[in-house]
Amino acid sequence: TAANLILFQPRIARLSRSLAAQRFDPPTSVQELAQGILDLAAILGEKVMLTSKGTASRAYIRPSIPRAFGEFGVPSAAKHRVDSSVAYWNWPYYLPDPERVYYGEGLRVAVFTDEQRLGKIHAKEARNYGHMGVVSRRAKELGQDEALLLGPYRILPRIPSVSEDINLHRRNAKSLDDVLDVVISDGPGEEVAGITRGGELWIPPMDVNRLGGTTLKYIESYVAPKMGIKTYVRPFSLRNIMQGEIATLIFLGNAARIAPIGDIKVYDSENNQIASFSLEIDPTARELVDRYEQEVSARVEPSHVSLLTPVDLESGKKARKVLDEVYSSWF
């Protein structure tokens with residue numbers, strides 16, 4: 001059995017940026033935490049990599065660095081204690097019905113006329129996800145798999161090079177026309193990209209207040225060029241889908257991987273459905289899904305060395321044996 005951490009170094013680099021953005025000064029350095037994650041992955045090894053049926057699967061790692069108890073206040077004390085921890089568990093699929101999502105008709109997502117990314121994303125931090133979890137739950141309660149979020153401005157349809165800021169809540173947006181030209185941002189925990197009928201990959205700019213995920217960056221920087229897919233950073237909206245310019249949307253993320261979107265339903269603030277879009281799963285999207293799955297499972301050579309960091313399972317087994325002996329009296 002072999003194991004790798006996916007996009008480990010890019011995510012550790014993002015963790016460093018996030019700590020700086022929060023003005024955190026953790027007692028454990030990022031380098032020490034990174035080594036601890038590698039060690040923990042090696043020690044737990046097959047315990048979390050295999051399903052209950054013993055088949056090879058995928059584990060998920062979640063480092064957490066929060067403020068600990070102490071002098072909170074606003075702002076907290078400069079030397080406020082900071083804790084760190086790492087959770088690691090078997091989690092093959094974040095999205096439901098993987099056969100349908102990845103190889104069938106794709107995801108079913110909801111767009112809400114009263115939900116959008118208005119604030120800039122500064123770092124990988126919990127506040128990006130708090131309310132978004134509520135939005136995601138709202139979509140699921142309406143029978144959709146996930147939500148698709150709109151951004152902070154709209155593109156003027158007659159002058160595509162011109163945009164204007166927009167707050168949908170203040171405008172009490174109710175109709176499709178109210179949101180048709182508002183830029184698409186991302187999902188609650190996933191990036192989104194568009195694939196045109198010509199096979200181009202459109203990536204929203206950061207000014208749509210998207211998350212800035214490492215999976216999308218890897219696809220943009222390495223996989224797409226390797227596959228001969230032209231990439232463009234440009235905003236797009238539901239109008240680009242309605243007019244057929246964009247054939248397929250895809251979600252990208254550590255948990256979501258690459259997931260095609262096959263159905264979009266638009267709801268108003270009272271959850272009344274006001275529009276529906278069906279998207280085909282373009283061959284380019286299928287190729288991206290297959291290519292990424294093959295790369296992360298090491299069935300083909302990665303497009304870049306940053307994708308996979310090997311885990312030394314043999315050393316982990318030896319370390320596990322020693323630890324079991326040391327802590328045997330604890331159990």
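Student: How are α2 and α10 oriented to each other: roughly parallel or roughly perpendicular?

Tutor: Two packed helices are described by the angle between their axes and the distance between the axes. Here α2 and α10 are roughly perpendicular to each other, a term used for angles of 65 to 115 degrees, whereas angles under 35 degrees count as roughly parallel, over 145 as roughly antiparallel and the rest as oblique. The axes of α2 (residues 30-44) and α10 (residues 313-326) cross at roughly 80° and come within 7 Å. Axes are lines fitted to C-alpha atoms, for helices over the stretch in contact, and angles run from 0 to 180 degrees between N-to-C directions. Helices are DSSP runs of H or I with at least four residues, strands are runs of E with at least two, and both are numbered from the N terminus.

Student: What should I know about the origin of the model and its numbering?

Tutor: This is a predicted model, in which local features need pLDDT of at least 70 and side-chain atom pairs count only at pLDDT 80 or more, while totals for chains, interfaces and linings use all residues. Residues are numbered from 1 along each chain as its sequence is written, and side-chain values use heavy atoms, with hydrogens and water left out.

Student: Which residues of α2 and α10 meet?

Tutor: Contact means heavy atoms within 4.5 Å. On the α2 side the residues are A41, A42, I43 and L44, and they meet L313, G316, K317, A319, R320 and L323 of α10. By class, this contact of α2 with α10 has 7 nonpolar, 1 polar and 2 charged residues. Ala, Val, Leu, Ile, Met, Phe, Trp, Tyr, Cys and Pro count as nonpolar, Asp, Glu, Lys and Arg as charged, and the others, Gly among them, as polar.

Student: At what angle do the axes of α7 and α9 cross?

Tutor: The axes of α7 (residues 214-227) and α9 (residues 283-296) cross at roughly 105° and come within 11 Å. That makes α7 roughly perpendicular to α9. From α7 the contact draws on T215, Y218, I219, V223, K226 and M227, and from α9 on E287, L288, R291, Y292 and E295. These residues of the contact of α7 with α9 divide into 6 nonpolar, 1 polar and 4 charged.

Student: Which residues have a positive phi although they are not glycine?

Tutor: Most residues other than glycine have a negative phi. L7, with a positive phi of about 50°, is found in the loop between β1 (4-6) and α1. R23, with a positive phi of about 60°, lies in the loop between α1 and α2.

Student: Is L7 buried or exposed, and is R23 buried or exposed?

Tutor: Buried means under 20% relative accessible area, exposed over 50%, and partly exposed in between, for a 1.4 Å probe and protein chains only. L7 is buried, with a relative accessible area of 1%, whereas R23 counts as exposed at 69%.

Student: What does S18 touch?

Tutor: Not counting residues up to four places away in sequence, S18 touches A123 and K124. S18 is found in helix α1 (residues 8-22), and S18 is buried, with a relative accessible area of 6%.

Student: How many helices and strands does the protein chain have?

Tutor: The secondary structure comes to 10 helices and 15 strands. Of the 331 residues of the protein chain, 47% count as buried. Along its principal axes the C-alpha trace spans about 70 × 50 × 35 Å.
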